[in-house]
Structure formats: structure tokens, C-alpha cells
Amino acid sequence: RASRAGLLHGRADRGGGRPARYAARMAADGGGGAGLFGATTEPIVDPRWLSARVTADTAARAATLSTLLPELINYLIEIGNAEDDVEIIDLGAGTGANQRWLTPRLPLRQRWVHLDHDPAISRSLPLPDDTLIIDDSVEALARLLSSRSSDRRLVTCSALLDVLTTAQVHAVCSAVIDNQVPVLFSLSVTGDLNVTPANPDDQLL
């Protein structure tokens, strides 16, 4: 079920030929290495993996069009003034696919914050200049929410929940519940399972 909304607006000067996304993070961070909470700058995920799953992820997001999304939009309209921005925090934002899909479908002014632990992925494609990038894990969500104030906020993620640990899922749930922020989460599930190399006990999975 959808809950409440949150987004950050971080504008930055585009100097030195840096990509727009990098410049946006610099506005909040003020540095060129770790993110707001000191995350690693080592590449972690191959962007080609995200490209290969675009079709499945888009289909998963589309499943919310007639269910969660209308309810979420109505809620966000009810709790804020018409001129207020919606602050949207995208967990595990990756290349920004969730923002590209959701932005035209939310009839509200938006400010996006990308929370991702992989700097290489988060800067692999251009984003709007006002997108704020924070290099950190999902455990930083609680600190991020408590450090920001907005009447309309939303936490969202796509194709992330299946790669989180139990502790990380609990951390995300606690953060949004404690701060009373709505969420819009989607997960791609095809029902197919392949394990390589094969093992006699594969059927147990």
C-alpha cells in the first residue's frame, strides 16, 4: 500500500565539465569523494545488468498504474498545498530508471533524491540538474528522513527489495514508519528460476 511522500531539491553549479548528476550531488556534499554519510566510491554493480532488466522492471512498475499510483497521487494532493513540491527519495536509484518512469506520471512538482551505495552506477547516465545524489546504503534512510522536513514526501524503490538483507528491510520499514512517510515499492517477479551450475539439491529452492 502506498504511504507518504518525500523529495529533496539540490541545485548545483555545473562547473568543471562534470555530469549534471555529479554536480547535483556536489551541491549537498561539497566534496568529490564519498557521499553525505561517507559511502565507498568503489564500483559495485555492472550497469549492463540494469540495462538487461529494463523491460521486466518497466512491466513491474506498470502494474501500479491502476492500483497504488492513483491512491498515492490522491493522498499527496490531499496533504499538501498545490504549490508545494513533493520530495521523492529513491532507494537504490541506480541509473535513475525509476525517476524517468515516475516523473511524468505524478501530476505534481517534484524534487528527487537518489540514495545509492554505488557511485559508478549513480553517475552512469545523465539526470536533471536538480537531482540530489547521496552515496550511501539504505540504512541511511532514517538519518536522511529525520534531517529533512517536508509536508509531502515519498520513499520509492524498484527492483531493490529482493537484494536487501533482512536487517536492511527492517531498517527501511522502521525509517518510513517512524517518520510517517508513504512508500511506493515495486518488484519484478517472473516465476522462473535458473541456477548455474546445476546441483542435485536445486529442486529444494
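Predicted model: local features only at pLDDT ≥ 70, side-chain atom pairs only at ≥ 80, totals over all residues.
Reader: How do you know whether Cys 157 and Cys 173 are buried, partly exposed or exposed?

Author: Each relative accessible area has to be set against two cut-offs, since buried means under 20% and exposed means over 50%, with partly exposed in between. Cys 157 has a relative accessible area of 1%, so this residue is buried. Cys 173, by contrast, has a value of 35%, so it is partly exposed. For the protein as a whole, 42% of the 205 residues count as buried.

Reader: What makes strand E4 largely enclosed by the rest of the structure?

Author: Six of the six residues of E4 are buried, and therefore this strand is largely enclosed. Arg 153, Val 155 and Cys 157 point one way from E4, while Leu 154, Thr 156 and Ser 158 point the other way, and all of them are buried.

Reader: How do you know which strands E4 pairs with?

Author: Pairing requires at least two bridges between two strands. E4 and E1 are joined in the parallel sense over four bridges, with Leu 154 in E4 as the bridge partner of Ile 88. Four bridges also join E4 to E5, again running parallel, and here Cys 157 stands opposite Phe 185 in E5. Both counts reach the required number, so E4 pairs with E1 and with E5.

Reader: Why are E3 and E5 called edge strands?

Author: The five strands form an open sheet in the order E3-E2-E1-E4-E5, with parallel pairing. E3 and strand E5 (183–186) each pair on one side only, and these are the edge strands. Neighbouring strands of this sheet are turned by 20° against each other on average, with direction ignored. Helix H4 (residues 68–79) packs on the sheet and touches E1, E4 and E5, its direction making about 165° with that of E5.

Reader: What makes up the largest nonpolar core, and which of its members touch the most others?

Author: This core has 20 residues, and those that touch the most other members are Ile 89, Leu 91, Leu 141, Leu 145 and Val 155. Among the elements that give two or more residues to it are strand E1 (86–91), strand E4 (153–158), helix H7 (141–147) and helix H8 (166–178). A second, separate core of 13 residues includes Val 86, Trp 101, Leu 108 and Leu 154. Leaving aside neighbours within four places in sequence, Leu 141 is in contact with Ile 89, Leu 91, Leu 115, Val 155, Val 172, Ala 175 and Val 176. In soluble globular proteins, nonpolar side chains tend to be buried together.

Reader: How do you know where the predictor's confidence stays under 50?

Author: The score to look at is pLDDT, which runs from 0 to 100. It stays under 50 over residues 1–43, although the model has 139 contacts beyond four places in sequence for that stretch. Over the protein the average pLDDT is 76, and 76% of the residues score at least 70.

Technical notes
Residues numbered from 1 in each chain as written. Heavy atoms only, no water. Core = buried A, V, L, I, M, F, W, Y, C linked by side-chain atoms within 4.5 Å. Buried < 20%, exposed > 50% of the residue type's maximum accessible area, 1.4 Å probe, protein only. Contact = heavy atoms within 4.5 Å. Axes fitted to C-alpha atoms, helices over the stretch in contact; angles between N-to-C directions.
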